[in-house]
Every structure is written in structure tokens, then in C-alpha cells.
Amino acid sequence: GSTIGILGGGQLGRMIAAAAAQLGYRTHVLAPDRESVAAQTASSLTRADYHNRIVLADFAAQCDVVTYEFENIAAEPVEWLADHVPVHPSSASLRVAQDRAAEKSFVEKLGGRPARWAAVDNRAALETAIEEIGVPAILKTTRMGYDGKGQARIMDRADADAAWEAVGGPAVLEAFVPFTHEFSIILVRGHDGSMVSYPPAWNQHVDGILSRSTVPAPAEIAALWTEAAALTGRVADALGHVGVLTCEFFATPDGPVFNEMAPRVHNSGHWTIEGAETSQFENHVRAILGLPLGSVALTGREAVMQNLIGADVDCWADVLAEPGAHLHLYGKREVRPGRKMGHITRVARDLD
Ligand code: ATP
Ligand code: MG
Ligand code: MG
């Protein structure tokens with residue numbers, strides 16, 4: 001009979017709400033966005049309402065536990081809420097994961113290896129950083145980036161002006177990693193510190209946006225699984241994280257290179273809805289409520305999740321006709337290029 005409060009109204013919140021409903025819980029979404037798809041009710045809130053104590057107090061009073069589906073929210077209202085209702089994951093996870101410099105330093109202290117990087121706070125610092133890191137490199141905004149937004153490649157020094165113009169500071173400059181594959185570790189940690197993590201997903205990106213996740217991952221990734229999962233576990237423990245934590249990695253012949261973390265359910269884990277015994281969303285709900293965590297075993301031999309980005313979504317009726325294809329549409333009214341409109345998961349049950 002508990003009510004779960006969700007901060008943020010996107011498709012991740014919507015899928016958490018669906019998993020919560022299956023377990024008999026109610027959800028209450030605080031989404032300062034008219035286009036919220038997590039709640040079907042129209043919201044008249046604005047971004048400023050995240051900082052409105054009356055709105056927050058009313059929200060806290062209606063929830064037994066609060067979680068978030070988006071790390072680019074201000075930490076202060078989350079900390080205010082935490083004085084009134086349990087919030088999982090805590091703001092410690094939020095503060096580290098919403099700042100690229102903080103997350104890289106944090107992971108380095110735990111023995112993880114990010115790409116060579118330098119903090120860049122102004123135009124002069126970018127010159128110094130290019131000297132130190134070399135090219136090719138990527139300039140990334142420290143906060144608020146997602147789906148490859150707020151990033152610029154620097155192929156040679158002459159690109160520095162354009163990159164600074166596009167991204168600005170505060171930012172981090174990181175060396176381009178010549179990876180063979182990209183993968184993610186999705187880990188769930190409970191109140192009691194118990195942890196489970198899904199097999200790594202091989203993630204293929206197009207234009208900086210996740211396009212496809214495949215499990216099991218190829219051998220180059222499988223060889224790095226133990227090391228990457230152990231690091232993700234140390235990060236979760238060090239943060240006292242409760243809920244799903246995702247770490248993205250580059251696979252290289254020298255081992256896993258840490259890219260970034262998300263203190264939440266993740267697009268590269270959507271395959272778990274049909275492809276695993278317990279979905280990442282259900283396991284997140286279980287974790288934040290202090291319930292036992294569920295099996296992460298695969299339901300079939302292989303699962304492939306394909307994102308429907310922008311006009312890709314036009315294929316939806318064809319997907320319905322395909323046996324074994326699971327269609328998910330997020331209910332977004334407007335199709336925009338680069339916008340995640342839905343996804344398809346295909347699970348291969350046997351050798352065929
Ligand atoms: P997300 O939607 O995953 O949060 P984001 O905007 O935070 O995306 P990143 O994960 O930092 O962006 O980068 C997006 C993609 O760009 C990566 O998945 C990878 O394909 C490429 N990329 C990022 N950093 C590097 C790097 N240092 N070397 C090589 N490729 C990189
Ligand atoms: Mg990111
Ligand atoms: Mg990423």
C-alpha cells in the first residue's frame with residue numbers, strides 16, 4: 001500500500017511507475033514539465049516549483065519513499081525532501097553523478113580508470129588542457145549533458161574556439177578513447193547493502209545517442225565484466241547507494257575505461273523488461289522499499305533492445321506484426337529528431 005514519489009516525468013519514470021503498479025504500489029510523479037509522460041495527468045508545475053517548499057511539502061506528505069529518474073535535477077530540493085521522507089538513492093549519489101569532474105575523481109579514488117581528463121573552467125584553461133591531454137579529445141559540459149548534448153570534439157588545436165563556443169565552461173576535456181566496444185554495468189543495491197548486477201550490455205551509439213543494447217555482450221566485453229562490475233560495486237558501497245546504479249565503460253585491450261555513471265535506471269537496461277527474470281525497474285522499486293532483490297538471470301539466450309529515435313517510430317505498426325518483438329512507446333506527442341520515442345526488445349529463446 002505504499003506510495004512511491006518519482007521526481008521527473010520522462011519514460012524512465014513511466015517505466016518505474018509501471019513496475020510499481022505491478023507490485024501493487026501507487027506512484028506520485030513530480031514533473032515540472034507539461035510533456036510529462038510518467039503521469040498521464042497534465043501537470044501545471046514549472047521548474048521553479050522544484051524549489052517551492054509548499055509544493056515539496058505536499059509531495060512529501062503524499063509519499064512513503066521518494067526516488068528520481070533524472071540526475072540533472074537540483075540537489076537542494078532533494079535534500080529538503082530527505083528531511084521529510086526517505087529518499088533513495090540519496091543526494092550523495094546525485095551530487096557526484098551530476099558533475100562529470102566529481103564522478104571521475106570519485107571513481108579514480110576507488111581504483112577506476114577514466115580517460116585522461118582535465119577540468120576546464122575558462123578559455124585559457126582549455127589551451128592548457130589541450131596541451132596536457134593532447135588531441136583528439138572531447139570537451140564535455142560538467143553538468144546537464146545527456147544524449148551527447150553539450151559535447152564537442154577537438155580534432156586539432158584549431159577546433160578549440162568552436163568547441164569553447166559550443167560547450168563553454170565549466171567543462172572537462174577528456175582524451176578520445178580508441179575503444180573496441182562500449183558497455184554498461186547495471187547494479188542494484190538494497191538497504192542492507194546486498195547487491196545484484198545484470199550481465200553487461202553491449203551498447204552501440206549513433207550520433208552520441210544510444211541506439212542498441214545487446215546481451216550477452218561479445219567476448220571483448222565479457223573479459224572485462226568482473227573488473228567493471230567490481231568497480232561499480234565499490235562505487236555503490238562508497239556512496240551508500242540504494243536503488244539502481246549504472247556505470248558506462250569503454251572496452252579497450254588495456255581493460256575497462258570508465259566513461260560516466262547514472263544514479264538511476266538506464267536506457268541500456270530496457271532489455272531487462274522482457275529479457276531478465278526481474279526488470280531493472282522492478283529491482284529499483286524493490287531496492288528503495290527494502291524488499292529482497294530479484295534474479296537478474298536472462299529469460300532467453302539473447303536480448304536485443306533497439307531504440308526508436310525520432311522518425312524511427314513510424315515503424316511501430318510493423319513491429320506489432322512481428323512475433324517475439326516487444327514494442328514500447330513512450331506516449332510523447334511530438335516527434336523530434338534525436339528524441340527517444342520508444343524501443344523494441346527482441347528475446348531469442350533458443351538457438352534459432
Ligand atoms: P548519456 O545519454 O549516455 O548520458 P552523455 O551526453 O552523458 O550521454 P557520454 O556518455 O559522455 O554522453 O558520451 C556519449 C557518447 O560519445 C559515448 O557513449 C561514446 O560513444 C562517445 N564518447 C564519449 N566520450 C568519449 C571518449 N572519451 N572517447 C571516445 N568516445 C567517447
Ligand atoms: Mg550521461
Ligand atoms: Mg553516456
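In this predicted model, Ala119 has its bridge partner in strand 7, namely Val172. That contact belongs to an antiparallel pairing between strand 4 (residues 117-120) and strand 7, which holds over four bridges. Strand 7 also runs antiparallel to strand 5, and here five bridges do the joining. One of the residue pairs involving strand 7 is Thr141 with Ala171.

Here are the two pairings next to each other:

How buried is strand 7 (residues 171-175)? Four of its five residues are buried, so the rest of the structure largely encloses this strand.

Now zoom out to the whole chain. It splits into domain 1 (3-87), domain 2 (116-175) and domain 3 (181-348). Between the C-alpha centres of domain 1 and domain 2 there are 33 Å.

So where does ligand 1 sit? Domain 2 and domain 3 both contribute residues to its shell, so ligand 1 lies between them. The ligand is surrounded by 17 residues, and the closest are Ala115, Gly145, Asp147, Val177 and His205. By type, the shell has seven charged residues, five polar and five nonpolar. Strand 5 (137-141) and strand 13 (255-262) supply at least two shell residues each.

As for annotation, an unreviewed UniProt entry puts the feature "domain: ATP-grasp" at residues 104-289. Across that stretch the chain is 33% strand and 31% helix, with 29 Å between the end C-alpha atoms.

Methods
Residues are numbered from 1 along each chain as its sequence is written. Chains are lettered from A and ligands numbered from 1 in the order in which they are written. This is a predicted model: local features need pLDDT of at least 70, side-chain atom pairs count only at pLDDT 80 or more; totals for chains, interfaces and linings use all residues. Domain bounds come from an automatic or database domain assignment. A residue is near a molecule or strand if its C-beta atom, placed from the backbone, lies within 6 Å of it. Ala, Val, Leu, Ile, Met, Phe, Trp, Tyr, Cys and Pro count as nonpolar, Asp, Glu, Lys and Arg as charged, and the others, Gly among them, as polar. UniProt positions are given in the numbering used here, feature names are shortened, and annotations may be inferred rather than shown by experiment. A residue is buried if 20 or more other C-beta atoms lie within 10 Å of its own, exposed if 12 or fewer, and partly exposed in between; C-beta atoms are placed from the backbone. Two strands pair if DSSP finds at least two bridges between them.
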